[in-house]
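The following paragraphs lead the reader through a protein chain, from its domains to its ligand and then to some points of its backbone. Please keep the sequence and the structure in view while reading.

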Amino acid sequence: MNQEQNLINLPAGDPGIWPLDPRVVFLNHGSFGSCPRPVLEYQRELRDRLERQPVQFLGRELEGLLDQARAKLAEFVGASSDNLVFVPNATSGVNTVLRSLSFKPGDELLVTDQEYNACRNALEFVAHLHGAKVVVAKVPFPCQSAGQIIESILNRVTSRTRLALLDHVTCQTALVMPIADLVRALAGRGIDTLVDGAHGPGMAPLQLDSLGAAYYTGNCHKWLCTPKSVALLYVRPDRQELIRPLSISHGANSPRTERSRFLIEFAWTGTIDPTPALSVVESIRVVGSLLPGGWPAVMSRNHQLALAGRKVLCDALNIALPCPDELVGTMASIPVPDATEIGKPTGPFITDSLQAWLLEKHDIEVPVIPWPAPPKRLLRISAQLYNSLPQYQLLAGALTES
Ligand SMILES: Cc1ncc(COP(=O)(O)O)c(C=O)c1O
């Protein structure tokens, strides 16, 4: 057995640090990931400190603490910390950018048919406000190559295209888009890209300054495993004056000049719990310490596990791999055959009766997602350090049970 197989056959690191229910085979880190106990403990200490002297913490210490957290996160994602602020989640990041920009009637806003529904809704909302038009590029799934994705998006560019909203990693099909090539090709045509990188940080190595996208938002509470409600918003320096928080607060008329208005405004948008953002430092440290090779090893191990897990499922179900390995990150989607019984949604995230059946009968939590093309539904696995190959074998066994 080689080293890579060793790493994916067992959970990596101490499985006891994850507060997950041991009865459930949890294969859905992509929707909502678990946060390690030491990070939750760190957050608890911050909360205690805040509540002991709230004015001291929020009024005097917070900005410096946020600066430290931004600096650590900026280093992790390859950005200058002056270009990065915290927002509560990727949905807010996308809304923040879209609602800061103005468009003219007839302007075109480019998106793919795989964009996350919430963010597509935000785009439609803003387009409607300005009389702009949403243009949709179809990205096929199954998908043959990165080139096919690039071609289908660039084919929809016109002289009226003003902005592209593109996922870094698509939600339903889990495709890792060729985002650097797309950003470059669009910039070459004078078009800014807003990257919805909800799954980016912690799944894929990032170099945001050199990526050169005008805007990138990515969750920390998914693959970085922070407490819930923290994401990053990166804005390229030449676009920072345009971008205002969703909540206009004290920063709007601050007389301070020693830092940018962009940083001042986003550092205070009203009273919120800042401890998820401040815990980013500890998440980066804790998760990166779970394998000897640090974060590169964490991302690589999870990627290998996602590939191995999807192979187990595709072999068991006798279906072809729906996309090349290079388009897979730490999640993988496969079209699930025999979709004869599509259930009515029972909640915003539970849309299929197969998903409910897998949990009820087999204690497996894995998303099953309606999909427009035959066979009309996708099953998406996630691979995090607490997962291991036998869990996907268990899922394959459940799916092939007669
Ligand atoms: C591609 C994509 N964008 C945005 C989001 C929204 O993330 P959040 O709910 O943290 O804002 C998700 C959530 O899974 C997603 O997959």
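Helices (H or I, at least four residues) and strands (E, at least two) are DSSP runs, numbered from the N terminus. The model is predicted, and local features need pLDDT of at least 70, side-chain atom pairs count only at pLDDT 80 or more, and totals for chains, interfaces and linings use all residues. Residues are numbered from 1 along each chain as its sequence is written, and side-chain values use heavy atoms, with hydrogens and water left out.

The chain is divided into domain 1 (3-27 + 293-401) and domain 2 (41-284), with bounds that come from an automatic or database domain assignment. Taken over C-alpha atoms, the centres of domain 1 and domain 2 are 27 Å apart. The contact (heavy atoms within 4.5 Å) takes 24 residues from domain 1 and 28 residues from domain 2.

The size of an interface is often given as the accessible area lost when the parts come together. Here, the area buried between domain 1 and domain 2 is about 2,100 Å², and carbon and sulfur atoms give 67% of that area. Buried area is the accessible area (1.4 Å probe) that two parts lose on being put together, summed over both. In domain 1, Trp295, Leu327 and Trp371 lose the most area to domain 2, together 32% of what that side buries.

What polar pairing is found between the domains? Five residue pairs, both residues at pLDDT 80 or more, are in polar contact between domain 1 and domain 2. A polar contact is a pair of N or O atoms within 3.5 Å; within protein, one must be able to donate a hydrogen and the other to accept it, and residues adjacent in sequence count only if both atoms are side-chain atoms. On the side of domain 1 that touches domain 2, two or more residues each come from helix H12 (294-317), strand S9 (331-335), strand S11 (368-370) and strand S12 (377-382). S9 gives the largest share of that side, four residues.

The ligand is surrounded by 14 residues (a heavy atom within 4 Å), and the closest are Thr91, Asp196, His199, His221 and Lys222. Oxygen atoms of the ligand lie 2.9 Å from a side-chain N or O atom of lysine 222, 3.0 Å from one of asparagine 219, and 3.3 Å from a backbone N or O atom of alanine 90.

Most residues other than glycine have a negative phi, and most peptide bonds are trans. Alanine 174, in the loop between strand S5 (161-167) and helix H7 (179-188), has a positive phi near 60 degrees. A cis peptide bond, with omega about 0 degrees, joins phenylalanine 141 and proline 142; proline 142 lies in the loop between strand S4 (133-137) and helix H6 (146-154). The bond from proline 374 to proline 375 is also cis, with omega near 0 degrees, and proline 375 lies in the loop between S11 and S12.
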